[in-house]
Amino acid sequence: MRSLLHAVRKLDRIPILVACAALFALMAMTFFDVILRSTFNAPIEAATELTRIFVAVMVFAVLPHVSVGNHHISVDLTDGLFRRYRLERVRDGVILIASGVMLIWPVQRIVVLAERTRSYGDVTEYLAIPQFYIMWFIAIGTGIAAASMVIAGVLKLAAPHLLGDDAQ
Amino acid sequence: ADYTLTISSWAPPTHNINAKMWPKFTEMVEEATDGRVTTDLKLGLAPPPAQMDLIQDGAADLSIIFHGYQAGRFVTTKLIELPGYTGSAEEASVAYWRAYDKYLSNADEHRGVKVVAMHTHGPAQLHTADKVESIDDISGLKLRVPGGVGGDVGEALGATGIKVPAPKVYETLASGAADGVVMPVDSRQGFKLTEVAPHLYEMPGGFYRGSFAFIMNEGSFQRLPEDIRTALEEEVFGEPISREIGKIWDAGDQQSLELTKEAAGNTMTVASEADQAKFEEISSGIIDEVITQVGETGVDAEAAYEMLSSELSAD
Amino acid sequence: MTAALIGFALVLVLVLMRMPIVFAMGLVGTFGFAFERSGSLFDAWGLNAAMSMVGRQIIDTAQSYGLSVVPLFILMGLFVNKSGMARELYAVSNAFLGHMRGGIAMATVAACGGFSAISGSSLATAATMSKVAMPEMRRYGYSEGLSTASIAAGGTLGILIPPSVILVIYGLMTETSIGKLFMAGIIPGALGILFYILAVRFTVWRNPDAGPAGPRFNWRERLGALRSVWAVLLLFVLVIGGLYGVFDVYPIYLTFSPTEAAGMGAMGAFLIALSRGGLTLSSTFEVLKDTALTAAALFSVLIGAQIFSNFVNLAGLPEALIGIVTYYDVPPYAVMMMILLIYIVLGCVFESLSMLLLTVPIFFPLVTELGYDPIWFGIVVVVVTEISLITPPVGLNVFILKGVVGNVTTGTIFRGVTPFWIADLFRLALIVLVPWLVLVLPENMGAMGH
Ligand code: NA
Ligand code: NA
């Protein structure tokens, strides 16, 4: 079990690398688009649609990591109260499971919308990239986030010793 | 009222779509149903490309879509976008509805929702920061153009296409990132082009026309009692509302033209006969291409084009 | 309207149970939307409609062209951190101000202001400046209260002086021009520096031991220090100047939109950090990773906020509020006073972004209906948001200082911050009473372009 979790954490590096690449590409593309437009009157015409794609890839590649790694924005006003009654672990486990379960319906719906989009043949303006690819990417990223949250929540309640500090 | 239809819309609240068109639609609906049906307008529920999904699944009852925002989905709607038709937005919208009803609807591109109106804004013209005197001046300009036919026309004229969403047009022009924009005259007021693109270059018939539809959730329509449905179908939906929306687009153009005449530093140039002929030649390739594309969807593209051309010819 | 208020209360409860804001707002927003569409919380048709709205919100927010500025400005700030620019800014302001009583704290405030011009976030500004300025103030025997407070307060300027991630988000939520919002933040930001310097003077007037004078620099040293801040100036001029067409001249014609400015700034900061040897492959990776994680969290919370805001919109809360105000004929300034009061109270517990997301969908339609300028309101919202960052009991900038400095209590910092907090209230009052201060730059901006 422990080695399985270890392997999962190693695997986690792949989507993070993908997100970093998308972000760097976004920065470089924006820069060259401006320079090419200003100096050679030759903007990167697909820049707008590529911007959209890079941002979506960046966000949804790291979404599982953000969701399990406690990076979501939350209000920690009542932390002291929970700590005093030693309820932190239970609270975190329950919220992880509830949040993960909550995502199941949106994930299903995004798949439905993606397939609908495929049936209509929607593509991007310049590069004619089918829109449903991006939607599927979003669905998969959100789906992995949902599953990881449920698993992390269950572990937190049932076997907290398995979750080392590096998961936080 | 017994029934309230929720409208989802996206342009700014002051845009004619929200300030005039939906109110007109509501007025017609209330009149046709003796006040038993009314509407509730909600802005900003989702960006434009999401509207059709929202309506199909009932997140709202009615919405407006701009076909150019969904490349690949709408092909037959490119027919009305073509340059070369003369005629006001009213005439074009009526002709468009008729062509849609008779031919274009066979492609079933709006499957999943009920089409309530098909309409088009007035002829799109060129608005620039520096004055354009002839069609040759356009080559080399950085122009904000829409997708679809508008983009093809810009390319054929040798302009460099800048793609930004409509609400960013003002900033894009103000910062100099684009030299001009091809839009309906109506937008001179709405997007404050009189400030950032004072010079108007007018091609009779326009460089393209934008294609819009009003759509409705099928279930929301079916849930209405039969007499109301009949009244709406006969007195509002289809040609009547398309015509009224066209009129509003025309009035917007007129208002912006007057504003342009008054605004300091604004100029208007109408393309010379020679330039018009040149443009006709440039655009003929695009027209053939679009007719072929539309034909590939299985509708009678030639007949539909003939119908639009004959209803929208100068004589 | 009742439904929206119940929904709002539910979100507060869930958020206080420490549910991430995106899930709290998303959950309540989804069921609320279904309820508004069908009249029942569990009607299948209504839930189907709500689910479609949620699905599209996730798909479209993730692909928003306008939001691409957010990761790029964050990226720029993190690259700036790796480039030593914070230290240079501090050295310059210290050379000019350090010899006065409380001068090193004043220099800290000024350096925070300068750093804000190249950083889009208040937390990043406070965190960065604390590493540079704290050791210096310790060395010269400044009190813990004054030294931490000057950084915590000075850091808040990060979201007011452009570029600002919060202003970008306000602009996108309200369809207000981001270029104009940035312009509008400049004078209130400069006033912020001035008022905080007065707060430092007040502190050392009350207790001279809190901030002894530092060494005096001669003019050669001062000019020498000034020369070292070229990178900061270059970056600021590149981003803000490019936005307003400063380089739109022969022979370069270099201009860009707000979205592109962020990309240019990030690339500029990257190249500067790279040329100074501040970046390795692994530290570049860390910067990109941190940016992606922060941006993903921001995008998520925005999606949640949109879902909730759609419910509030459908429930007609903004119209109901406008209706009440019109019916009782409440004068606009009284409404504005109420709103400011609500913000200051909310600011006790909420951090900046959550406060903005929760309140703007409700207040913005009301405020514009009453005839207030949307750009001006954006600046007012950001100033009250800044105040919230140093208002007890939950002040994120104070917590950042506590985190970086360690052996100091939050109580000490909050006590030290009090004069700065009062200075902020004066600044807020000035901006509310004299909207000209906010609007003069953006209104004259059109003339600069063409
Ligand atoms: Na800033
Ligand atoms: Na606070």
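## Basis of the model

Helices (H or I, at least four residues) and strands (E, at least two) are DSSP runs, numbered from the N terminus. This is a predicted model, in which local features need pLDDT of at least 70 and side-chain atom pairs count only at pLDDT 80 or more, while totals for chains, interfaces and linings use all residues. Residues are numbered from 1 along each chain as its sequence is written, chains are lettered from A and ligands numbered from 1 in the order in which they are written, and side-chain values use heavy atoms, with hydrogens and water left out.

A:Asn70, placed in the loop between helix H3 (47-68) and helix H4 (79-84) of chain A, has a positive phi of about 60° although it is not a glycine. A:Arg86, in the loop between H4 and helix H5 (88-102) of chain A, likewise has a positive phi, of about 55°. Most residues other than glycine have a negative phi, and most peptide bonds are trans. In the terms used here, buried means under 20% relative accessible area, exposed over 50%, and partly exposed in between (1.4 Å probe, protein chains only). A:Asn70 counts as partly exposed because its relative accessibility is 44%, whereas A:Arg86, at 75%, counts as exposed.

## The sodium site in chain C

The sodium ion (ligand 1) is coordinated by the O atoms of C:Ser116, C:Ser119, C:Gly158, C:Ile161 and C:Pro163, at 2.2 to 2.4 Å. Along the chain these donors follow the spacing S-x2-S-x38-G-x2-I-x1-P. Distant parts of the chain are linked by the pair C:Ser119, in the loop between helix H6 (103-116) and helix H7 (122-139) of chain C, and C:Gly158, in the loop between helix H8 (144-156) and helix H9 (165-174) of chain C, which are 39 residues apart. Both C:Ser119 and C:Gly158 are buried. Donors are N, O and S atoms within 2.8 Å of the metal (3.2 Å for Na, K and Ca), and water is not among the atoms, so sites may look incomplete.

C:Pro163 is itself placed in the loop between H8 and H9 of chain C, and the peptide bond that leads from C:Pro162 to C:Pro163 is cis, with omega near -5°.

## Salt bridges

A salt bridge is a side-chain nitrogen of Lys or Arg within 4 Å of a carboxyl oxygen of Asp or Glu. By this rule the count comes to 30 salt bridges over all chains. One of them joins B:Glu311 to B:Arg98, with the closest N and O atoms 3.2 Å apart. This pair links distant parts of the chain, B:Glu311 being in helix H13 of chain B and B:Arg98 in helix H4 (residues 89-102) of chain B, 213 residues apart.

The side chains of B:Lys278 and B:Asp136 also meet in a salt bridge (3.1 Å, N to O). B:Lys278 lies in helix H12 of chain B and B:Asp136 in the loop between strand E5 (124-128) and strand E6 (142-144) of chain B, so the pair ties together parts that are 142 residues apart in sequence. In chain C, C:Glu144 and C:Arg138 form a salt bridge at 3.3 Å, N to O. Salt bridges that share partners join A:Arg109, A:Arg116, B:Asp53, B:Asp57, C:Arg56 and C:Asp60 into one network.

## Surface patches

Patches are made of residues with over 30% relative accessible area and no salt bridge, like charges being joined within 9 Å and nonpolar side chains (Val, Leu, Ile, Met, Phe, Trp, Tyr) within 5 Å. Accessible areas come from the Shrake-Rupley method with a 1.4 Å probe, and for residues only the protein chains shown count as cover. A patch of negative charge gathers A:Glu45, B:Asp152, B:Glu155, B:Asp288, B:Glu289, B:Glu296, B:Asp300, B:Glu302 and B:Glu306 on the surface. Helix H5 (149-156), helix H12 (273-296) and helix H13 (301-311) of chain B each supply at least two residues of this patch, and H12 of chain B gives the most, with three. B:Glu296, found in helix H12 of chain B, is exposed, with a relative accessible area of 65%.

A nonpolar surface patch of about 540 Å² is made by A:Leu81, A:Tyr85, A:Leu87, A:Val90, A:Val94 and A:Leu157. A:Leu157 lies in helix H7 (residues 131-158) of chain A and is partly exposed, with a relative accessible area of 35%.

Key:
Lys, Arg positive; Asp, Glu negative; His and termini not counted. Charge placed at Lys NZ, Arg CZ, Asp CG, Glu CD.
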